[in-house]
Amino acid sequence: MKEISAVTAVDLGGHFHGSLLSMVLDSGAMVQFVLLLLLFFSVVSWAIILMRYRLIRKTKKENQMFLETYMKSTKLSEVFPESKKFKYSTVAEVFRAGYVELGKIGRSKKESSIDEADTPFEVRGMDNVERALNRACSSETTKLESTLGFLATTGSASPFIGLFGTVWGIMNAFRGIGAKGSATLAVVAPGISEALIATAAGLAAAIPAVIFYNYYIREIRTITLEMDNFASEFLNIIERFYVK
């Protein structure tokens, strides 16, 4: 123990001080570039994590509030103005898309001079409304998933970027060993420890990105299922009460 304490306390080779900041500052240019790149990935990832958390929390809350309003109403015309109050609700957006399409079909039927007996509303109208609902579901899912690709990239690429910095740092360490003609701990330790910082930084950026990416994908899948269920229910209501 006394020998280990002596090694850590002594200023090895006159450069190794043991603190994280000093190791970063003493590392080579390539390792510092890798660390800056990983810092960028980490900062952007945490910004995305916080923004997605806020968005998904509001979306789930407003979806629940809109569904309560929807269930209490007896007319779709009453729900439509209320739905505009829930700007983060994806289900409300799906409802608005279906309701607007339903209104367009109603207006086109009144203005059309074609005999509707040959083009029944059951087929033409329902298909249009269903397509509008599907488009709205896909659009809302795409919005929720936007920027999550960066988390996936950070989770998969950061460890390799960090490993690259480590390999580069170890190469420099061995070059220093060759130049000094000595392989003592005092010569090897500074270079190896500085190089390993890059791997640690890569893992520090990747781990939260992977965890929150998987968490958000699961939450978005739940919200998407909620939208699909509502779209099916909306089509059933139209079929029961609006289709001739």
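The exercises below work through the helices, ring pairs, salt bridges and surface of one predicted model.

In this predicted model, local features need pLDDT of at least 70 and side-chain atom pairs count only at pLDDT 80 or more, while totals for chains, interfaces and linings use all residues. Residues are numbered from 1 along each chain as its sequence is written, and side-chain values use heavy atoms, with hydrogens and water left out.

**Exercise 1. The chain as a whole**

Task: State how many helices and strands the protein chain has, and what percentage of its residues is buried.

Solution. 
Step 1. Helices (H or I, at least four residues) and strands (E, at least two) are DSSP runs, numbered from the N terminus.
Step 2. By this count the protein chain has eight helices and zero strands.
Step 3. Buried means under 20% relative accessible area, exposed over 50%, and partly exposed in between (1.4 Å probe, protein chains only). Of the 244 residues in the protein chain, 36% are buried.
Step 4. A contact means heavy atoms within 4.5 Å. Among contacts in the protein chain with a separation of 6 or more, 80% come from residues 24 or more positions apart.

**Exercise 2. Two aromatic pairs**

Task: Classify the ring pair of Phe-95 and Phe-230, then that of Phe-164 and Trp-168.

Solution. 
Step 1. A pair of aromatic rings is described by the distance of the centres and the angle of the planes. Rings of Phe, Tyr and Trp (its six-membered ring) pair if their centres lie within 6.5 Å; planes under 30 degrees apart count as stacked, over 60 as edge-to-face and the rest as tilted.
Step 2. The structure holds 18 aromatic pairs. In one of them, Phe-95 and Phe-230 are 6.3 Å apart centre to centre with 65° between the planes, and the pair is edge-to-face.
Step 3. This pair links distant parts of the chain: Phe-95 belongs to helix α5 (residues 90–111) and Phe-230 to helix α8 (residues 185–241), 135 residues apart. Both Phe-95 and Phe-230 are buried.
Step 4. Phe-164 and Trp-168 have ring centres 6.0 Å apart and planes at 45°, so this pair is tilted. They are four residues apart in helix α7, and therefore separated by about one helical turn.
Step 5. Phe-95 and Phe-230 also belong to one aromatic cluster, together with Phe-66, Tyr-70, Phe-80, Phe-86, Tyr-99 and Phe-234.

**Exercise 3. Salt bridges**

Solution. 
Step 1. Side chains of opposite charge can pair when their charged atoms come close. A salt bridge is a side-chain nitrogen of Lys or Arg within 4 Å of a carboxyl oxygen of Asp or Glu. The count comes to four salt bridges.
Step 2. Lys-60 and Glu-219 meet at 2.7 Å, N to O. Lys-60 is partly exposed at 41% relative accessible area, whereas Glu-219 is buried at 11%.
Step 3. The closest N and O atoms of Arg-96 and Glu-93 are 2.7 Å apart. Arg-96 is buried at 13% relative accessibility, and Glu-93 is partly exposed at 28%.
Step 4. For Glu-140 and Lys-143 the closest N and O atoms are 3.3 Å apart. Glu-140 is buried, with a relative accessible area of 8%.

**Exercise 4. Ser-83**

Task: Decide whether Ser-83 is buried or exposed, and list what it touches.

Solution. 
Step 1. Ser-83 is part of helix α4 (residues 76–83).
Step 2. Its relative accessibility is 0%, so Ser-83 counts as buried.
Step 3. A polar atom of the Ser-83 side chain lies 2.6 Å from the backbone oxygen of Phe-80.
Step 4. Leaving aside residues up to four places away in sequence, Ser-83 touches Phe-66, Ala-92, Phe-95 and Arg-96.

Terms used. A polar contact is a pair of N or O atoms within 3.5 Å; within protein, one must be able to donate a hydrogen and the other to accept it, and residues adjacent in sequence count only if both atoms are side-chain atoms.
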